[in-house]
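Subject: The structure for you to look through

Hi,

Here is the structure I promised to pass on.

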Amino acid sequence: MAATLSLPIVDLASPNRVSAANCIRQACIEYGFFYLVNHGVDTKFVREVFDHSAKFFSLPLQQKMDFARKEYRGYTPLYAETLDTSLSKAGDLKESYYIGSLEDTTGVHLNQWPSEELLPNWRPTMESLLWKLLAAGKELMSLIALSLNLDEDYFEKIGSLSKPEAFLRLLHYPGELGSDEEIFGASPHSDYGMVTLLMTDGVPGLQICKEKFKQPQVWENVSHVEGALIVNIGDLMERWTNCLYRSTLHRVMPTGKERYSVAFFLDPPSDCVVECLESCCSKSSPPRFPPIRSGDYLNERFRLTYGSERDLKCSLFS
C-alpha cells in the first residue's frame, strides 16, 4: 500500500506574498508538487466542467474520432498513448481531449470544437475555464519568480508569459482492473513544460515518486483536497532552475472507479530561450543544461510520446 503525502498548501490570494513564495520554494525543492487554493475557479464551475467533459467522453467512439487529434488539438482514444514503453506495451488506459491557446497569434485556428447542437454550451465552458486557469497560472508564476529570488515580473519581462503556449487537456480514465499485464491510467512520466495545474474529481489514483533515479521506486498517493488545484513543476522549469526545483515523476493507477481530471499546461512561447537562471547557478553549481528554445524542446518531447498523426491512425484502424 502506498503512503499518502501531506503536500504544502499555497494560497494564491495570500496578502503575505513572501510567505507564499517561501512555501512554493520548499514545496518545489522537496516534492515538485503542491496544492493551490484561492485560484479563482469555484467548485460549482469545476463540477460543470466535469459534467461537460463526461458528456463528450460518453459519445460513441466514431463520433469522438471526428475530432481526432491534429496539431496536438482534439481527441486521443484509449491506449493510443504510452508514456513509458519499458513498463507497458498496451498503451495507457485513458482518453483525452486537447484544447490549445485561445489567443490567435498565427491567423490559423487549430482548436477543434463540438457543435452547439452536439454538446450545448460545451465550447464556452471550456473557453471560460482556459481563461480562468491562464489568469491563475500567470499569478502563480509571479510567486514562483519571488520564490527564486527574482523580481515578481521576471517571467513577464523575458517574454515567457506574453504569448504563452497554454493547453487544456480533458482526461477520462475508465478505471478497469483485472488485466494480466499491469495497466496504467497514465504510465510514469514527468511533465514536459513550465508548470501544470490539475483539477481532479475526487477519485484517487494519482501517485508521485520523489526520487525518480532511485531503485526501487517508492510511490506515494496524492489525495484530493476539495477546492484546491494540484500544481506540479515541469521539465523546462527544472532546467531553468538547474534542478533546484523537481520535475517529479508521477503516474495514475486504475482503482476500479471511473475518474475524470483536467490538466492545464502553461508553457513559454516557442521562441523563448530557456537557460539557467542566475539565481540558480554559481561557480560551485554551474549550469547543467545548455540553452534551448522552448518550442524545439517541447516538440521533440511530444514527437517521442505521440509519434505522427499517421501512427495514430494506423494504430486505430489496422
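Five strands make up an open sheet with mixed pairing, and their order is 1-10-9-12-7. At its edges sit strand 1 (3-4) and strand 7 (186-189), each of which pairs on one side only. Strands here are DSSP runs of E with at least two residues, helices are runs of H or I with at least four, and both are numbered from the N terminus. Two strands count as paired if DSSP finds at least two bridges between them. In case this is new to you: strands of a sheet pair through backbone hydrogen bonds, either parallel or antiparallel.

Before going on, please keep in mind that this is a predicted model, where local features need pLDDT of at least 70 and side-chain atom pairs count only at pLDDT 80 or more, while totals for chains, interfaces and linings use all residues. Residues are numbered from 1 along each chain as its sequence is written, and side-chain values use heavy atoms, with hydrogens and water left out.

Strand 9 (residues 206-209) pairs with strand 12 (residues 249-252) in the antiparallel sense, over 4 bridges. Gln 207 has Arg 251 as its bridge partner in strand 12, and Ile 208 has His 250. Strand 7 also runs antiparallel to strand 12, joined to it by 2 bridges. There, His 189 is bridged to His 250. Are the two faces of strand 12 covered or open? Both are covered: Leu 249 and Arg 251 on one side, and His 250 and Val 252 on the other, are all buried. Buried means under 20% relative accessible area, exposed means over 50%, and partly exposed is in between (1.4 Å probe, protein chains only).

Now for the whole protein. There are 8 helices and 15 strands. The radius of gyration is 19 Å, close to the 20 Å that the globule rule gives for 318 residues, so the protein is as compact as a globular protein of that length. That radius is taken over C-alpha atoms, and the rule is 2.2 Å times the number of residues to the power 0.38. Along the principal axes, the C-alpha atoms fill a box of roughly 55 × 50 × 40 Å. Of the 318 residues, 52% count as buried. Looking at contacts (heavy atoms within 4.5 Å) between residues at least 6 apart in sequence, 80% join residues at least 24 apart.

Most residues other than glycine have a negative phi, and most peptide bonds are trans. The bond from Gln 215 to Pro 216, however, is cis, with omega near -5°; Pro 216 is in the loop between strand 9 and strand 10 (220-221). Asn 38 has a positive phi of about 55° and lies in the loop between strand 3 (33-37) and helix 2 (43-57).

Asn 149 has a positive phi too, near 60°, and is placed in the loop between helix 4 (122-147) and helix 5 (154-157). Its relative accessibility is 61%, so Asn 149 counts as exposed.

Cheers
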